[in-house]
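Thanks for coming. Please have a look at it first.

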Amino acid sequence: MVKTIIPLAGSVGGFGDEATRGAIGHGVHNALSPFPSMHQILHGGKVGYGLLIQELLLGQAESYVELQHYLVTNQQPTTSTEFGLTEDEREKLAKRIGQETLCLPVRFWQP
């Protein structure tokens with residue numbers, strides 16, 4: 001198990017540039033964690049999903065596709081639906097992410 005977790009965490013952690021490395025990923029993890037349905041989801045699964053959001057917000061479409069493929073290959077959730085969140089919970093999640101301290105200093109991509 002350790003031989004799987006460490007490489008997976010290291011690989012996923014490599015997405016994002018130096019200024020944002022994991023900031024949004026961990027902010028999303030923090031925003032997801034209070035939901036009861038998330039208690040059985042491991043840290044890495046929540047951070048990986050957060051890094052997908054990070055890549056979208058930063059306009060990194062190529063990195064997004066690469067990370068999404070990696071997560072799917074490793075049987076990790078890539079959508080809020082796969083986490084089992086309801087529509088109401090998704091709205092609450094969006095608000096929580098917007099209030100997360102780790103997400104506040106990041107400058108988002110604007111087309």
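**Overall figures**

Of the chain's 111 residues, 37% count as buried, buried meaning under 20% relative accessible area with a 1.4 Å probe and protein chains only. Before going on, note that this is a predicted model, in which local features need pLDDT of at least 70 and side-chain atom pairs count only at pLDDT 80 or more, while totals for chains, interfaces and linings use all residues. Residues are numbered from 1 along each chain as its sequence is written, and side-chain values use heavy atoms, with hydrogens and water left out.

The chain has five helices and zero strands; helices here are DSSP runs of H or I with at least four residues, strands are E runs of at least two, and both are numbered from the N terminus. Taking contacts between residues at least 6 apart in sequence, 67% join residues at least 24 apart, where contact means heavy atoms within 4.5 Å.

Now to α2. How many residues of α2 are buried? Eight of its 10 are, so α2 is largely enclosed by the rest of the structure. The buried ones are Ala-23, Ile-24, Gly-25, Gly-27, Val-28, His-29, Ala-31 and Leu-32. Their cover includes α3 and α5.

Take α5 next. Helix α2, residues 23-32, packs against helix α5, residues 87-99, at an angle of about 130 degrees, with the axes 9 Å apart. Axes are lines fitted to C-alpha atoms, for helices over the stretch in contact, and angles run from 0 to 180 degrees between N-to-C directions. The two helices are therefore oblique to each other; under 35 degrees would be roughly parallel, over 145 roughly antiparallel, 65 to 115 roughly perpendicular, and the rest is oblique. On the α2 side, Val-28, Ala-31 and Leu-32 meet Leu-93, Arg-96 and Ile-97 of α5. By class, that contact has five nonpolar, no polar and one charged residues. Nonpolar covers Ala, Val, Leu, Ile, Met, Phe, Trp, Tyr, Cys and Pro; charged covers Asp, Glu, Lys and Arg; the others, Gly among them, are polar.

The other pair is α3, residues 43-57, and α4, residues 61-73, which pack at about 165 degrees with axes 9 Å apart. That makes α3 roughly antiparallel to α4. Gly-48, Tyr-49, Leu-51, Leu-52, Glu-55 and Leu-56 of α3 meet Ser-63, Tyr-64, Leu-67, Gln-68 and Leu-71 of α4. This contact divides into seven nonpolar, three polar and one charged residues.

Definitions and conventions. Buried means under 20% relative accessible area, exposed over 50%, partly exposed in between (1.4 Å probe, protein chains only).
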